[in-house]
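I opened my notebook for a look through this model. Here is what I looked up, entry by entry.

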Amino acid sequence: MGGLQQGLEASIVTAHQQDAGERYARWHPRGRGPLFGRGAAAALVLALAGTGLAVGAPAEGSGADTAGAGTAQRAGAAHTIDWRPCDGDGKSKGGASKTGRGDGDPGQDGSEDRSGAGSEPGAECGTLRVPVDWAEPGGASFDLHLARRTAGSPGKRAGSLVFGPGGPGDSGVERIRTGMSRFSETLRDRFDVVSFDPRGVGRSNPVVCSAELLARQPSPLIGSEAAFAETVRYNRVLREDCRRRTGPLFDHVDTLSMVKDLDAVRAALGERALTFHGSSYGTLLGEQYAERYPGRVRAMVLESVVDHSAGTGDFLRSQAATVQDSFEEFAAWCDRTESCALHGRDVPEVWGRLLARAEAGKLPDPEDPARALSAFEVSVLAMKRFYDPQWAELAQTLAALDGTGDVRRQADGPPRAQTGEAPRARADERQEKRKGKSKSKGKGAAGAGVAPNPFEVFCQDWDLPAADYPAYAAQLRRVAEVAPDMRYPRALMSVSACLGGPSPVANPQHRLRVPPGAPILLTNSRHDPATGYDWAASVTRQLGGRGVLLGYEGWGHGTYTSSPCARRAVDRYLLTRETPAPGTRCPAVEPAG
């Protein structure tokens with residue numbers, strides 16, 4: 001079985017990231033910023049031993065494709081995880097260093113405070129050797145990096161809870177090391193909480209590219225035939241550069257490949273069935289795991305749900321409508337909240353004036369007045385503030401840009417009015433600053449001058465073609481009709497960044513085909529700016545009798561940390577597998593003013 005059966009040894013993969021430029025880290029929604037979720041820098045180690053649990057083959061009667069499954073099972077069946085304490089850099093103490101082609105340490109966006117020098121006490125780290133291509137399990141392999149924290153009450157332990165990070169580009173390792181507030185005390189007490197850096201992300205053989213090339217990415221606001229052709233050419237050059245620097249894994253970072261990695265993790269943990277909580281883009285991993293291995297699901301939570309069934313037009317329309325709804329909710333909040341910096345003013349009118357100035361190239365960047373902010377940059381700025389949501393801060397920012405607020409300079413984020421900061425905002429901005437200053441020390445592909453590009457995962461998961469410039473321009477017009485205020489959504493980059501890519505993609509969109517089995521709990525905010533409620537409702541229907549949707553009537557991307565009601569329901573389900581009654585909704589929690 002090649003490297004897999006010969007790899008029963010402790011290993012540490014040293015990985016690095018080079019600064020691609022402060023401005024690229026601040027504004028760019030692609031290489032450093034995930035589409036749906038947030039990520040974090042990652043590092044760790046793990047040794048291998050043996051278990052007889054099956055891995056890789058679909059569950060009997062699943063109807064899933066069995067091509068290559070038997071050999072994958074033989075290759076992956078002899079591995080368990082030798083957990084060791086993480087050191088301050090996220091590496092397992094006592095492991096031997098082994099740096100190989102394509103290994104890197106790119107930091108990603110983080111939703112928790114990552115300002116500490118290392119792990120909070122108690123985190124354990126490791127790696128699991130898995131094939132680059134599951135169709136060739138005896139070929140090249142790489143280390144999938146993981147981290148865990150064991151159950152606080154071992155005598156009441158219910159098993160392992162595996163967390164699927166979002167993005168694409170989020171680090172599950174960093175979540176476990178420094179972000180355990182994401183999980184309730186109840187879950188931490190009863191479960192070993194485990195997560196990982198998905199293939200192509202963090203320390204799991206990240207996709208890395210020329211930082212200088214990434215920083216020159218064209219705008220998705222393509223306005224001519226020549227610009228369309230240049231975008232297609234740039235994407236081709238970037239793919240070739242990333243493939244050369246990343247190594248063979250570059251062509252195998254799709255979510256279907258990660259589904260098989262996840263089943264290898266399940267087997268290595270000694271779990272007969274998977275207990276899983278996927279967030280944002282991590283819900284796609286859960287959905288496709290349930291589709292391929294329907295009999296291996298004990299309990300599964302899908303929070304902020306991705307619907308992987310839409311073509312280009314439907315995808316963009318849904319994404320545009322979702323972020324437009326969040327803008328309208330923000331405007332309504334300002335109308336009813338006296339502390340809003342735009343209270344008493346026509347918020348859409350202020351916003352429209354800012355967009356018009358940006359479109360004309362006349363909206364100066366407060367941190368660099370010689371440079372104008374683009375309309376796309378301003379739109380991405382607003383969308384990021386819809387996530388928690390951080391409405392008060394967004395209103396202050398817009399007032400400052402409009403010339404009616406006091407702008408405070410900051411080295412690593414958008415302009416902000418002179419006022420107090422939300423704790424999570426400070427954490428996000430510190431993480432952005434830290435990733436921009438990471439230094440690359442690796443050898444081979446991950447040397448100086450490289451930066452991570454986890455968005456390649458998306459391009460291998462979605463086929464969103466626009467045949468030519470007229471077709472792309474028509475999509476822009478339709479988006480503007482659906483979202484007049486948010487007519488430049490970040491989702492445009494999802495199409496433009498993958499133009500000219502290989503077709504068919506490794507993991508094309510389709511409606512889920514999941515046979516009856518254990519219930520799956522879905523939960524989504526009514527006013528989510530990234531994964532709309534319509535997506536959650538659609539996936540629930542696709543799951544048939546297995547899907548139960550718990551709605552949260554509030555705002556923001558995510559429900560578990562926003563709604564005490566949702567948290568209680570999720571905790572109860574993960575422990576007992578009892579779902580809420582169909583149609584249950586949790587009340588909204590008004591954001592702080």
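**Entry 1: helix α19**

I began with helix α19 and listed its buried residues: A566, A569, V570, D571, Y573 and L574. I kept in mind that this is a predicted model. The spacing in my list made me recall that an α-helix has 3.6 residues a turn, so residues three or four places apart point the same way.

Next I checked the length of α19, which covers residues 564-576. Its 13 residues should span 18 Å at 1.5 Å a residue, and the end C-alpha atoms are 18 Å apart, so the two values agree. Just past α19, I found R577 with a positive phi of about 65°.

**Entry 2: the cores**

Which residues have the most contacts inside the largest nonpolar core? I noted F315, F330, L342, F386 and Y472, in a core of 115 residues. Helix α10 (residues 312-336) is the top contributor to this core, giving nine residues. Apart from this core I found another one, of 26 residues, and A299, A566, A569 and Y573 are among them. Of these, A566, A569 and Y573 were already on my list of buried residues in α19.

I then looked at Y472 by itself. Leaving out residues up to four places away in sequence, Y472 touches P220, I222, F228, A466, L492, V495, S496 and L499.

**Entry 3: α11 against α12**

I looked up how helix α11 (residues 347-359) meets helix α12 (residues 375-386). Their axes come within 8 Å and cross at roughly 145°. From α11 the contact uses W351, L355, A358 and E359, and from α12 it uses A375, V378, S379 and A382. By type, I have six nonpolar residues, one polar and one charged.

**Entry 4: helix α13**

How many residues of helix α13 are buried? I got 10 of its 11, for a helix running over residues 391-401. My list for α13 reads W391, E393, L394, A395, Q396, T397, L398, A399, A400 and L401. Just after α13, G403 takes a positive phi of about 90°.

**Entry 5: the whole protein**

The protein has 19 helices and 19 strands. Of its 593 residues, 63% count as buried. Among contacts with a separation of 6 or more, 81% join residues 24 or more positions apart. I put the accessible surface at about 20100 Å², with 49% of it belonging to carbon and sulfur atoms.

Technical notes: Residues are numbered from 1 along each chain as its sequence is written. This is a predicted model: local features need pLDDT of at least 70, side-chain atom pairs count only at pLDDT 80 or more; totals for chains, interfaces and linings use all residues. Side-chain values use heavy atoms; hydrogens and water are left out. A nonpolar core is a set of buried Ala, Val, Leu, Ile, Met, Phe, Trp, Tyr and Cys residues joined through side-chain atoms within 4.5 Å. Buried means under 20% relative accessible area, exposed over 50%, partly exposed in between (1.4 Å probe, protein chains only). Helices (H or I, at least four residues) and strands (E, at least two) are DSSP runs, numbered from the N terminus. Contact means heavy atoms within 4.5 Å. Accessible areas come from the Shrake-Rupley method with a 1.4 Å probe; for residues, only the protein chains shown count as cover. The expected span of a helix is 1.5 Å times one less than its number of residues. Axes are lines fitted to C-alpha atoms, for helices over the stretch in contact, and angles run from 0 to 180 degrees between N-to-C directions. Ala, Val, Leu, Ile, Met, Phe, Trp, Tyr, Cys and Pro count as nonpolar, Asp, Glu, Lys and Arg as charged, and the others, Gly among them, as polar.
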